[in-house]
Amino acid sequence: RYNMGKVKIRSTTVVAIKHNGQVAIGADGQATMGNTVAKSNVKKIRKLQDGKIITGFAGSTADAFTLLERLEEKLATYTGNMKRAAVELAKDWRTDRYLRRLEAMMIVVDKGEILVISGTGDVLEPDDDIASIGSGSMYARAAAIALKRHAPDMTAEEMVRESLGIAADICIYTNHNLVVETVK
């Protein structure tokens, strides 16, 4: 939740899963302002580096686009090294006066790893190859954990779709209009 004056903007649900050598990331498409659905088909997943890196964001869309631009700059500076670019972005995000005010979170994936980047300077690498952010993140995460344990034959993409679908069934700030991508 982000407080923008008297209107609270609630974020979305983004989940990424690494499973059986595949990495997938997905998000729902709902943007909510207060208790109203402002838009139902927002694209919160973006491909970078010709699809080698994919990111998903939760929070303010304008803020997320600013962060995406900065991440792309960092990726160019560090020749596509996702972890280094993420750490440098997190440093800037935490220390830069303008960036500090941005209200968003990001999950960034490549073929080998998943990272969560926050405005507090954190770059987190999940232990269980599952990352989730946004208002429905805990529902999606719980579903993903169960799927990894009890449906190991599913692909990462199938797990992401199912996890987001379960979150959308429970969280009023998450819808079934999903965008899911896998890393090349």
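Colleague: Let's start with V116. Which residue in strand 11 stands opposite V116?

Modeller: That's L124. Keep in mind that we're looking at a predicted model.

Colleague: What makes strand 10 and strand 11 a pair?

Modeller: Two strands pair if there are at least two bridges between them. Strand 10 is joined to strand 11 by 2 bridges, so they count as paired. The two strands run antiparallel.

Colleague: Why is N81 called a cap of helix 2?

Modeller: A side-chain oxygen of N81 lies 3.3 Å from the backbone nitrogen of K83, at the N-terminal end of the helix. The cut-off for a polar contact is 3.5 Å, so 3.3 Å is within it.

Colleague: Which residues of helix 2 are buried, and what do they pack against?

Modeller: M82, A85, A86, E88, L89, A90 and W93 are buried, so each has under 20% relative accessible area. The buried residues of the helix pack against strand 8 (53-59), helix 1 (61-77), strand 9 (104-109), strand 10 (114-117) and strand 11 (123-124).

Colleague: Why would nonpolar side chains gather like that?

Modeller: In soluble globular proteins, nonpolar side chains tend to be buried together. Here, the largest nonpolar core has 21 residues, and L67, L71, M106, V108 and I117 touch the most other members. Helix 2 gives the most to this core, with 6 residues. Take L71: leaving aside neighbours within four places in sequence, L71 is in contact with L48, A85, A86, L89, M106 and V108. There's also a second, separate core of 15 residues, including V14, V23, I54 and A58.

Colleague: Now the sheet in the order 12-3-4-13. What makes strand 12 and strand 13 its edges?

Modeller: This open sheet has 4 strands, paired antiparallel. Strand 12 (130-134) and strand 13 (179-182) each have a single partner strand, so one side of each lacks a neighbour in the sheet. On average, neighbouring strands here are turned by 10° against each other, direction ignored.

Colleague: How do you know that strand 4 and strand 13 pair?

Modeller: Strand 4 (residues 22-27) and strand 13 share 4 bridges in the antiparallel sense, and the requirement is at least two, so they pair. G26 stands opposite V180 in strand 13.

Colleague: Which helices lie across strands of that sheet?

Modeller: Helix 3 (residues 137-150) lies across strand 3 (13-19) and strand 12, at about 160° to strand 12. Helix 4 (residues 156-170) lies across strand 3, strand 4 and strand 13, at about 150° to strand 3.

Conventions. Residues numbered from 1 in each chain as written. Predicted model: local features only at pLDDT ≥ 70, side-chain atom pairs only at ≥ 80, totals over all residues. Heavy atoms only, no water. Buried < 20%, exposed > 50% of the residue type's maximum accessible area, 1.4 Å probe, protein only. Contact = heavy atoms within 4.5 Å. Polar contact = N/O pair within 3.5 Å; in protein donor to acceptor, adjacent residues only side chain to side chain. Axes fitted to C-alpha atoms, helices over the stretch in contact; angles between N-to-C directions. Core = buried A, V, L, I, M, F, W, Y, C linked by side-chain atoms within 4.5 Å.
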